[in-house]
Amino acid sequence: MQGAMMAKRAEPLPDPACAASDVGQQIVRWLTHLRAERRLSPKTLEAYARDVRQCLMFLGQHWSEMVTLERFAALEPSDIRAFMAARRADDIGGRSLMRSLAGLRSFARFLEREGLGKVGALGAIRAPKVGKSLPKPIHMSAAKRFADASERAGEDREPWIWARDAAVMALLYGSGLRISEALGLKRRDVPLPGAGDVLVVTGKGNKTRMVPVLQNVLALIHEYVAMCPHSLAPEGPIFVGARGGTLRARIIQLVMARMRGALGLPDSATPHALRHSFATHLLSRGGDLRAIQELLGHASLSTTQIYTGIDSERLLDVYRTAHPRA
């Protein structure tokens with residue numbers, strides 16, 4: 001019951017004017033299945049639900065009739081192509097279109113397993129091509145400055161908040177965490193300086209992994225905890241907002257946006273770029289790709305291999321700049 005309620009909150013059901021009630025009921029069951037069995041993140045569930053809803057609304061207008069489970073199972077490849085073309089006309093990029101197609105295929109597989117029809121048309125559609133773009137790491141010296149609370153001295157914020165933001169960013173760069181992983185840490189998860197050097201973090205799909213943490217990063221976190229005016233329970237989050245509630249990722253994103261302006265860095269200098277920087281700088285200093293994969297929590301080595309492209313680009317830049325030309 002709780003899973004179904006969360007699935008309903010992820011995204012409103014299709015407009016009753018375009019989709020029958022049985023379709024809406026199966027969407028709720030599908031999202032509940034993805035959450036309970038596949039352990040997909042709330043953001044992924046929300047995106048999948050939104051994509052399927054948009055497709056159903058398009059089909060209702062495209063066919064000029066209500067979308068039922070029987071009608072959905074009778075989809076033609078031309079219907080899917082028309083939907084994808086409409087999305088492209090709205091300036092939707094290739095990655096978003098790929099996700100839309102993945103969500104529709106997931107919903108179709110669920111319906112087939114439940115004996116509610118086979119949507120063969122989705123298998124005949126090729127995923128749109130997406131150009132590969134390399135992550136943009138931050139230069140080592142600049143990455144370190146994000147973790148320096150004194151860089152923000154003069155801002156109209158309390159010193160403990162400076163210390164908190166510096167500790168979070170030091171953790172992103174020092175351990176290569178996703179922002180959600182850093183903000184999801186409980187106080188009991190973080191050892192005191194000198195009392196440990198490993199964190200157990202929960203990543204995508206609720207998978208846990210161990211990552212090393214530098215002692216100077218632990219010192220920054222301990223300094224923030226000592227300054228924090230709010231009570232930090234062992235089972236509660238170690239990083240809290242100005243009023244003691246949940247610290248949102250958006251706050252750290254805004255902090256980095258202000259700092260990158262002051263440091264003269266491009267818009268690509270985001271919290272996630274600190275994670276990219278962690279991986280790139282380890283690789284450039286001889287780090288093993290498999291080890292970096294484990295540290296980042298990537299399920300596939302191919303995901304980690306993108307950083308070899310960054311290192312190759314750096315070497316080519318050095319070559320172009322330094323090689324004596326005839």
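Reply: On average the chain has a pLDDT (the predictor's confidence in each residue, from 0 to 100) of 82, and 83% of the residues score at least 70. This is a predicted model, where local features need pLDDT of at least 70, side-chain atom pairs count only at pLDDT 80 or more, and totals for chains, interfaces and linings use all residues. Residues are numbered from 1 along each chain as its sequence is written, and side-chain values use heavy atoms, with hydrogens and water left out.

Helix 10 (residues 215-227) has the highest mean pLDDT, 95, while helix 1 (residues 2-10) has the lowest, 42. Across residues 1-12 the pLDDT is below 50, and this stretch has 15 contacts in the model beyond near neighbours in sequence (contact means heavy atoms within 4.5 Å). Where pLDDT is low, the predicted coordinates should not be read in detail.

Now for the serine. Ser106 sits in helix 6 (residues 94-113). Its relative accessibility is 6%, so Ser106 counts as buried (under 20% relative accessible area; exposed is over 50%, partly exposed in between, with a 1.4 Å probe and protein chains only). Leaving aside residues up to four places away in sequence, Ser106 touches Trp30, Leu34 and Tyr48.

For contrast, take Val200 in strand 1 (residues 198-202): Val200 counts as partly exposed because its relative accessibility is 46%.

Definitions and conventions
Helix = DSSP H or I, 4+ residues; strand = E, 2+ residues; numbered from the N terminus.
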